Amino acid sequence: MISKSNKHEILLLTHGGWGETLAKTLTMIIGQIEGVSEIALNPSDSPEDFFQKVECKVKKMPTNSLIITDIAGGTTSNVALKLSQNYNINILSGLSSIMLIEAVMRQNRPFTEESLNEIKEATLMNCQHLKVPKSNPANK
Amino acid sequence: MAEIELVRIDSRLIHGQVVTKWIKQTSANRIVIIDDSLFADDFMKEVYTMAAPPGIEVNVYSVDFAVDYWKKEKMGKGKLFILFKNVETVYRTIKEGVPINDVQIGGLGGGPGRISVFGPISFDEEDSKMLKELEQEKCHVYLHQVPDESKMELKKALERYHSLKTKG
């Protein structure tokens, strides 16, 4: 799923590496995905190991790239935030299928405060308690 | 006087397991991280403060500060969830007078000279000596990563450490 393109980069940081599976699965919905890569946080990684792996990758990423982490407050997020001290990166937490789709759709332009907000809003909108209303007076 | 609800050694400090599971297992309303290097790093202090769930206060102290604060004011108020990054820091904190009776080891990442004893928890020779000494001084030490999974008493973990060490 990693390939060279002029798309702005998205780096996924997840516990155990489920982001890669997610990205592969999403090609079912949105077709080929480019410029998305992942670094898995493995149970045996010390925070320092993981930090170094991510830093190696972030060093090579252009500014205005995007990091998506799975859990706010988790090591994936803490490490991304730590890197934001020295690198100009955008970070979103709460990776989900819709978040990644929304991000991939905006990959043609540099990620900005605004586009991050749009991705966040779209992701929040997608989370709903789904149920069919028992009786809808409008249909009577 | 603050009450100590849970004391945990976890090289990741505040992270997924702590935020989603352990905080809810306790009635803690204050997380205290005792770590000399974090105490000196304002940026990372901010990161860990952000990592805690809403409504939970986060304090970062050095060992000296924590010991002094305990002696003078019993660390203020609230129900504490105390986090340490490594065995050496908890050992020093106890030796210098903070009364910790139970220590949960939740995560100690691998590295050169370290032997994995229980999932992602590994000891080196220094760790095993310090922990043994703490237990001999009536501090209960156990290994427990997440609440829903089983835990292991220190005695068994040390037996495992020594048997794996001899096997080399």
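**Ground rules**

I am working with a predicted model, in which local features need pLDDT of at least 70 and side-chain atom pairs count only at pLDDT 80 or more, while totals for chains, interfaces and linings use all residues. Residues are numbered from 1 along each chain as its sequence is written, and chains are lettered from A and ligands numbered from 1 in the order in which they are written.

**Confidence**

I noted ipTM 0.73 and pTM 0.83 for the model.

B:Val32 has B:Ile82 in β4(B) as its bridge partner.

I also looked up the record: an unreviewed UniProt entry annotates residues 1–165 of chain B as "domain: PTS EIIB type-4". UniProt positions are in the numbering used here, feature names are shortened, and annotations may be inferred rather than shown by experiment. Over residues 1–165, I get 41% helix and 26% strand, with the end C-alpha atoms 43 Å apart.

**One residue: B:Val103**

Is B:Val103 buried or exposed? B:Val103 lies in β5 (residues 102–107) of chain B and counts as buried because it has 24 C-beta neighbours inside 10 Å. My cut-offs: buried means 20 or more other C-beta atoms within 10 Å, exposed means 12 or fewer, and partly exposed is in between, with C-beta atoms placed from the backbone. Leaving out residues up to four places away in sequence, B:Val103 touches B:Val7, B:Ile9, B:Val90, B:Leu134, B:Cys139 and B:Val141. Touching, or contact, means C-beta atoms, placed from the backbone, within 7 Å. B:Leu143 is 40 residues from B:Val103 along the chain, yet their C-alpha atoms are separated by 8.5 Å.

**Chain A**

I counted five helices and four strands in chain A, running β-α-β-α-β-α-β-α-α from the N terminus. The C-alpha trace of chain A spans about 60 × 35 × 30 Å along its principal axes. Of the 140 residues in chain A, 37% are buried.

**Where the chains meet**

I find 16 residues of chain A in contact with 16 residues of chain B. On the chain A side, α2 (47–60) and α3 (75–83) each supply at least two residues, and α3(A) gives the largest share, five residues.

**The core**

Which residues touch the most other members of the largest nonpolar core? They are A:Leu13 and A:Ile68, in a core of 78 residues. Its largest share, five residues, comes from β4(B). Such a core is a set of buried Ala, Val, Leu, Ile, Met, Phe, Trp, Tyr and Cys residues joined through C-beta atoms within 7 Å.

Definitions and conventions. Contact = placed C-beta atoms within 7 Å. Pairing = 2+ DSSP bridges.
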